[in-house]
Amino acid sequence: MKRTLAHAIMLTLLTIFVSNFVGCGGRPSLANLTARELFDKGKAKYSEKDYFDAIEYFQAIVYNYPGESMVDTAQYYLALSYFGNHEYELAQVEFNRLLVNYPSSVYFEHSIFMKAVCFFEGTPRHYGLDQSDLETAIKQFDDFIIDYPEAELVPEAQRYLLLARTRLAKKYYNSGVVYNRLGAYESAGIYFQKVVDDFTDTEFAPQATYKIAEMEYKRRMYSESSKKFANFAAVFPEHEWAAEALEKAPEAAYKSGEESYKAGEFAQAKERLESFLETYPDHEKVDDARKLLEQLKAMPSAEIKKDDDNS
């Protein structure tokens, strides 16, 4: 009795489901439409941003009318519908299907571009998450610009390329910041230098350059730090950190001479202090530098020469 009742209930629910599916324009009703009718309905749904229904219509053309002249257009809009629905992985698959199956399509170049955009949009926004798809997008945008230099989408590809490179640069830069805060300066330097070397066209390149100079200052590598601060101010004069770099460059230059003097490296101290006076004659530390040089002059020349020979 219980089995009979359960069976009856299941049959009733199935009948209701099938009736509603057919009556509401589900897949079985699409069989009565021509390819043109399917496309027009799909395009209308796409224009209304009803991507879910648009996908159904475009799929019906691709799967049931492979010989129609409009099939590549349907394939393109099928991919665009998935993209509009933020299903980037599926959109990428459908754009790729157009590239494989319809190489002579007028949408071929657009599909190459959109495939790269799918990888870009499908990458997690937070830099701490997997960014491998972003690296794929960068390569594909690069390839598109090289392979189709006259394409109308090149400016847009260049815009996306910079956005992608900036996001990846941010990942490396923030990794450097984390290691810098932890005092792991060697690891931090590797990440900052990668940004400087590989992402010079992004906003993070000057920031990484400054951080390297700042990090060397903390490590008492004053001579190197001074040069980098001065170079930063010269190369990025409009940057918000330029004024601070201009202050730190002479400070580090003086400290490089002072530290050499304290370490007994007198020949090096003399060279660095004289360079400081020549480069920054109006700095507040000029008098201190001159006093140290006077002390060096008062030393026996043999003492300074001995240091010079040892170095």
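**Entry 1: the core.** I noted before anything else that this is a predicted model. I then looked up the largest nonpolar core and found 62 residues in it. The residues with the most contacts inside this core are F95, F113, F141, F144, F192 and V195. Which helix gives the most to this core? I found that to be helix α8, residues 154-181, with 10 residues. I also found another core lying apart from it, with 13 residues, and Y261, L277, V286 and L296 are among them. As background, I jotted down that nonpolar side chains tend to be buried together in soluble globular proteins.

**Entry 2: around F141.** I picked F141 and left aside its neighbours within four places in sequence. What is F141 in contact with then? My list reads F113, A116, V117, F120, A157, Y160 and L161.

**Entry 3: a surface patch.** Next I turned to the outside. V178, Y179 and L182 make a nonpolar surface patch of about 290 Å². I placed L182 in the loop between α8 and α9, the latter being residues 185-198. Is L182 buried or exposed? Its relative accessible area is 66%, and the cut-off for exposed is over 50%, so L182 is exposed.

**Entry 4: ring pairs.** How many aromatic pairs does a search of the whole structure find? I got 28. I looked up F113 with F144: the ring centres are 6.0 Å apart and the planes are at 55°, so I logged the pair as tilted. F113 lies in helix α6 (residues 108-122) and F144 in helix α7 (residues 132-147), so this pair ties together parts that are 31 residues apart in sequence.

I then looked up Y173 with F204, another tilted pair, at 5.5 Å centre to centre and 40° between the planes. Y173 is in helix α8 and F204 in helix α10 (residues 204-218), and the pair links these distant parts of the chain, 31 residues apart. Why do I call Y173 buried? Because its relative accessibility is 6%, and buried means under 20%. F204 counts as buried too, at 9%.

**Entry 5: a ring cluster.** Last, I wrote down a cluster linked by ring pairs: F39, Y46, Y51, F58, Y76, Y77, F95 and Y107.

Terms used: Residues are numbered from 1 along each chain as its sequence is written. This is a predicted model: local features need pLDDT of at least 70, side-chain atom pairs count only at pLDDT 80 or more; totals for chains, interfaces and linings use all residues. Side-chain values use heavy atoms; hydrogens and water are left out. A nonpolar core is a set of buried Ala, Val, Leu, Ile, Met, Phe, Trp, Tyr and Cys residues joined through side-chain atoms within 4.5 Å. Buried means under 20% relative accessible area, exposed over 50%, partly exposed in between (1.4 Å probe, protein chains only). Helices (H or I, at least four residues) and strands (E, at least two) are DSSP runs, numbered from the N terminus. Contact means heavy atoms within 4.5 Å. Patches are made of residues with over 30% relative accessible area and no salt bridge: like charges are joined within 9 Å, nonpolar side chains (Val, Leu, Ile, Met, Phe, Trp, Tyr) within 5 Å. Accessible areas come from the Shrake-Rupley method with a 1.4 Å probe; for residues, only the protein chains shown count as cover. A salt bridge is a side-chain nitrogen of Lys or Arg within 4 Å of a carboxyl oxygen of Asp or Glu. Rings of Phe, Tyr and Trp (its six-membered ring) pair if their centres lie within 6.5 Å; planes under 30 degrees apart count as stacked, over 60 as edge-to-face and the rest as tilted.
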